[in-house]
Amino acid sequence: MKRLFYLIIGLSLLISGCSTQKDIVFQTSTIDALLAGVYDGDISCRHLVRHGDFGIGTFDGLDGEMVLLDGIVYQIRADGKVYVPCPSVKTPFATACFFKPEKTLFIDRITDYEGIERLIDRTAPNQNLFCAIRITGHFKSMRTRSVPGQKKPYPPLKEVTSNQPEFFMNNVQGTIVGFRCPPYVKGVNVAGYHLHFISSDRNRGGHILSFEISEGKCELEVLNHFFLRLPEDVKDFAGTDLSKDRSKELKEVEKPK
């Protein structure tokens, strides 16, 4: 009887764990650590997809932008091309979830980045929860960037992005992947919107700087669990001063003019 009791308890915990899996935002490391130049990967892509089939991030040595879509990790390098990295490739910073859309909005007129933000904010007004965002459609214009892989000693992210390669696409089909994070995660993640793009032919993409969408579908999932994994064996993380306010640097890095 005792063995049966423990078996039932174990199954109950397993089932309850699975039931909340869909509501979890998983994150490795912090955005401030990345801003400070902590680019050594801590977990592999193989490990990351155990925590989500949808997300964004970067790669070991800051080698490009990550799009995790439908369980596949894509790497947009500084040449603007899309690659599928080996599962053993590591990431120093990534955010992921198992995407289960709760709300769907249809876009039937030309709308820009700020217009999409307003639309999402009206539909999912609770700014104190995380919101996963997937937008699929036809984009009149799309401006993205990527970052070139770095070698030690690593420069700060602001320095890297001051000479970042940018890519301009017109009349392109594709998918936006990203998150709206609450304001209180400042320093931990990007407070507000952080979006990446990948074209439908899986040839182009990157971190979004601006866009105009002419028609498409916007799917949203509100998430109320947050799991943060911090690097344990990365020496640069242990030796980095994370007490500094890097919000100004982040603003310049995320959406430069």
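Searching the whole structure turns up zero disulfides. C181 is one cysteine to check: it is in no disulfide, and the nearest cysteine sulfur, that of C131, sits 9.7 Å away. Keep in mind that this is a predicted model.

**Cysteines**

- A disulfide is a covalent bond between the sulfur atoms of two cysteines.
- For C218, the closest cysteine sulfur belongs to C131, and at 7.7 Å that is too far for a bond. The cut-off for calling a disulfide is 2.5 Å between the sulfurs.
- C218 is also buried, with a relative accessible area of 0%.
- C181 counts as buried too, because its relative accessibility is 3%, and the cut-off for buried is under 20%.

**E221**

- You'll find E221 in strand β14, which covers residues 205–223.
- This glutamate counts as buried, because its relative accessibility comes out at 1%.
- What does the side chain of E221 reach? It gets to the backbone nitrogen of K100, at 2.8 Å.

**Helix α4**

- Helix α4 takes in residues 113–123, and its buried residues are Y113, G115, I116, E117, I120 and T123.
- In an α-helix there are 3.6 residues a turn, so residues three or four places apart point the same way.
- Strands are among the things covering the buried residues of α4, including β9 (103–107), β10 (111–112) and β11 (130–145).
- Also part of that cover are β12 (166–181), β13 (192–199) and β14. Strand β14 is where E221 lies.

How values were computed:
Residues numbered from 1 in each chain as written. Predicted model: local features only at pLDDT ≥ 70, side-chain atom pairs only at ≥ 80, totals over all residues. Heavy atoms only, no water. Buried < 20%, exposed > 50% of the residue type's maximum accessible area, 1.4 Å probe, protein only. Helix = DSSP H or I, 4+ residues; strand = E, 2+ residues; numbered from the N terminus. Polar contact = N/O pair within 3.5 Å; in protein donor to acceptor, adjacent residues only side chain to side chain. Contact = heavy atoms within 4.5 Å.
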